[in-house]
Amino acid sequence: MTVRTGIGQDSHRFLPQDSSKLCIIGGIIFDDAPGFNANSDGDVVFHAICNAITSLTGILILGNIADDLCLKDGITDSEIYLIKAMKTLERQKVTHVAITIEGKKPKFKHRLLEMRQNIARVMNLDITQVGVTATSGEGLTDFGCGDGVQAFAIVTTTE
């Protein structure tokens, strides 16, 4: 059995507070923050997972497959990008995904389980195979100051 680990990161700045674009993180809508400055919905969690999968397969999801879906087909839902990314794994089976999120807003603490459940659903995993943590950043970065959100993802596979 071969075990592989991929790592990915993504970040986006918030749009102005009066923006009508939804704030979507881990496929969950957060009402207490504006949407992200991105061509797509800007879901930093799903984008970080896509980047982690790219590090496992060498197939560029964001910047290639997702850009085509977004710019040519008008598909802005990052869940679709993640589903496409999962297909690139071929024989590799995801055994665990770990996510860490940094941002002063929105408030993540009471939505962590909901994000885990949604990530597990999209990736066809058991919830025990998904870990999500979050930190406010304590004002040390732009994310910790409330200008946007960043996420890191580690995806472990076996083959």
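Seven salt bridges are present in this predicted model, a salt bridge being a side-chain nitrogen of Lys or Arg within 4 Å of a carboxyl oxygen of Asp or Glu. Side chains of opposite charge can pair when their charged atoms come close. Before you click around, note that residues are numbered from 1 along each chain as its sequence is written, and that side-chain values use heavy atoms, with hydrogens and water left out. As this is a predicted model, local features need pLDDT of at least 70 and side-chain atom pairs count only at pLDDT 80 or more, while totals for chains, interfaces and linings use all residues.

**Stop one: Glu159 and its partners**

Select Glu159 and Arg4. They form a salt bridge, with the closest N and O atoms 2.5 Å apart. Glu159 sits in the segment after strand S6 (148–158) and Arg4 in strand S1 (residues 3–13), so this pair ties together parts that are 155 residues apart in sequence. Helices (H or I, at least four residues) and strands (E, at least two) are DSSP runs, numbered from the N terminus.

How exposed are the two ends? Glu159 counts as partly exposed because its relative accessibility is 34%, and Arg4 is partly exposed too, at 32%. For these labels, buried means under 20% relative accessible area, exposed over 50%, and partly exposed in between (1.4 Å probe, protein chains only).

Arg91 has 68% relative accessibility, so it counts as exposed. Show Arg4, Arg91 and Glu159 together and you have one network, joined by salt bridges that share partners.

**Stop two: Asp142 and Arg13**

Next, pick Asp142 and Arg13, whose side chains form a salt bridge at 2.9 Å, N to O. Asp142 belongs to the loop between strand S5 (130–135) and S6, and Arg13 to strand S1, so the pair ties together parts that are 129 residues apart in sequence. Asp142 is partly exposed at 39% relative accessibility, and Arg13 is partly exposed with a relative accessible area of 47%.

**Stop three: the backbone**

You'll find Pro106 in the loop between S4 and helix H4 (112–123).

Then go to Glu90, in the loop between H3 and S4. Its phi is near 50 degrees, a positive value in a residue other than glycine. With 70% relative accessibility, Glu90 counts as exposed.

Asn124 is the next selection, in the loop between H4 and S5. Here phi is near 55 degrees, again a positive value in a residue other than glycine. Asn124 counts as exposed, with 70% relative accessibility.

**Last stop: Ser40**

Finally, select Ser40 in the loop between strand S3 (28–30) and helix H1 (44–57). Is Ser40 buried or exposed? Its relative accessibility is 6%, so Ser40 counts as buried.

What is around it? Leaving aside neighbours within four places in sequence, Ser40 is in contact (heavy atoms within 4.5 Å) with Lys21, His47, Cys70, Thr76, Ser78 and Tyr81. Show those side chains with Ser40 to see the set.
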